[in-house]
Amino acid sequence: MNNDGIEVSLGYKKNWGDFGLSANGNFGYLKNEVTRLEANKQYVNFASFQTLGTVSRQQVGESYGSFYGYQNLGIFQNQAEIDAYRNANGGLIQPNARPGDFKRLDANGDGKIDEADYINLGSSVPKYTFGFTLNMNYKNFDLMVFAQGQAGNKIFQGLRRLDIPEANYQTAILDRWTGEGTSNTVARVTKDDPNQNYTRMSDYYLQKGDYLRIKLVQIGYTLSKDVAKTIGASKIRFYVTGENLFTFTKYTGYDPEIAGADTFGIDRAFYPQARTFLFGANVQF
């Protein structure tokens, strides 16, 4: 595979009397492409998820671990829309569909919907990574803020376990299609799922993994040297630290920063990073 990109880091530091400021930021862009596979195969199946089977591939010309599945074109609102979706021979492209089912893209134009219509739905590898650190101090007070994030990747939302009727569905399913005009994004729910709305991989299970997280904020206060000397110390500093305070994202899972190199962009309900607060003191003698 080929990895091409850029990394940029910028810094600034200046003092104005009792006030000091330093800021450092970094930005990275990555273009990842699979160039060759064993035995000159065009693609090999990659990660899988429960009964949905394979949800991503390694494919020549595409990014590592790209998600593949059906592209949904909305939801059939009535029988007339199903009857109008026909191939060149006049046959129904989705004969098993009923109002409330997903309308699938016939990607290869053969007039039917099957796994040959799976297309690239996005990569699990972020295109952009970024972060910044801000340090400020005024007299005896100091402040440090660290933030980081990523963008340009997709996450398979494994919490949406809709492929089996025994699953404990998320409340998002309450917005499913229940009649004409009620939804164009969440298909109807049935026990047998004849249109394979939820038992085959599609872009329904994917969400953008973009996020910006305020990873660390620390506020400190250093006592004067005269006060520190009263206990024989050279420096006494008290501080309060907050970790994972805010996360700006549209991802609806527990945490867009899914951990570990073996996740392949699949969120299997990983435990989210906790928001913590720490109080401490640093005493130097």
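**Briefing: salt bridges, sheet and surface**

Arg-188 counts as buried, because its relative accessibility of 17% falls under the 20% limit used for that class. The model is predicted rather than determined by experiment, and every value below is computed from it.

**Salt bridge between Asp-101 and Arg-188**

- The partner of Arg-188 in a salt bridge is Asp-101, and the closest N and O atoms of the two are 2.7 Å apart.
- Asp-101 comes from the loop between α1 (79-84) and β9 (102-104), whereas Arg-188 comes from the loop between β13 (154-157) and β14 (206-208), so the pair ties together parts of the chain that are 87 residues apart in sequence.
- Asp-101 has a relative accessibility of 0% and therefore counts as buried, and Arg-188, at 17%, is likewise assigned to the buried class.

- Arg-213 and Asp-255 form a salt bridge in which the closest N and O atoms lie 2.9 Å from each other.
- Since Arg-213 belongs to strand β15 and Asp-255 to the loop between β16 (235-249) and β17, this pair ties together parts that are 42 residues apart in sequence.
- Arg-213 is buried, because its relative accessibility is 5%, and Asp-255 is buried with a relative accessible area of 5%.
- Another salt bridge is made by the side chains of Glu-257 and Lys-215, with an N to O distance of 3.3 Å.
- Here Lys-215 is the residue in strand β15 and Glu-257 the one in the loop between β16 and β17, so this pair, too, ties together parts that are 42 residues apart in sequence.
- The two partners fall into separate accessibility classes: Lys-215 is buried, with a relative accessible area of 18%, whereas Glu-257, at 21% relative accessibility, counts as partly exposed.
- Through salt bridges that share partners, Arg-213, Lys-215, Asp-255 and Glu-257 are joined into one network.

- Strands of a sheet pair through backbone hydrogen bonds, in either a parallel or an antiparallel sense.
- Within the sheet, β12 (residues 141-151) and β15 (residues 211-222) pair in the antiparallel sense over ten bridges, and Gln-150 stands opposite Tyr-211 in β15.

**Nonpolar surface patch**

- At least two residues of the patch come from each of β1 (2-16) and β2 (19-33), and the largest share, three residues, is supplied by β1.

**Loop residues**

- Gln-50, in the loop between β4 (48-49) and β5 (53-54), has a positive phi of about 45 degrees although it is not a glycine.
- Ala-269 is also a residue other than glycine with a positive phi, in this case near 65 degrees.
- Ala-269 lies in the loop between β17 and β18, where it is partly exposed with a relative accessible area of 38%.
- Ala-274 is found in the loop between β17 (266-267) and β18 (276-284), and with a relative accessibility of 44% it counts as partly exposed.
- When residues up to four places away in sequence are not counted, Ala-274 touches Glu-243 and Asn-244.
- Ala-274 and Asn-184 are 90 residues apart along the chain, and their C-alpha atoms are separated by 35 Å.

Methods. Residues numbered from 1 in each chain as written. Predicted model: local features only at pLDDT ≥ 70, side-chain atom pairs only at ≥ 80, totals over all residues. Heavy atoms only, no water. Helix = DSSP H or I, 4+ residues; strand = E, 2+ residues; numbered from the N terminus. Buried < 20%, exposed > 50% of the residue type's maximum accessible area, 1.4 Å probe, protein only. Contact = heavy atoms within 4.5 Å. Pairing = 2+ DSSP bridges. Salt bridge = Lys/Arg side-chain N within 4 Å of Asp/Glu carboxyl O.
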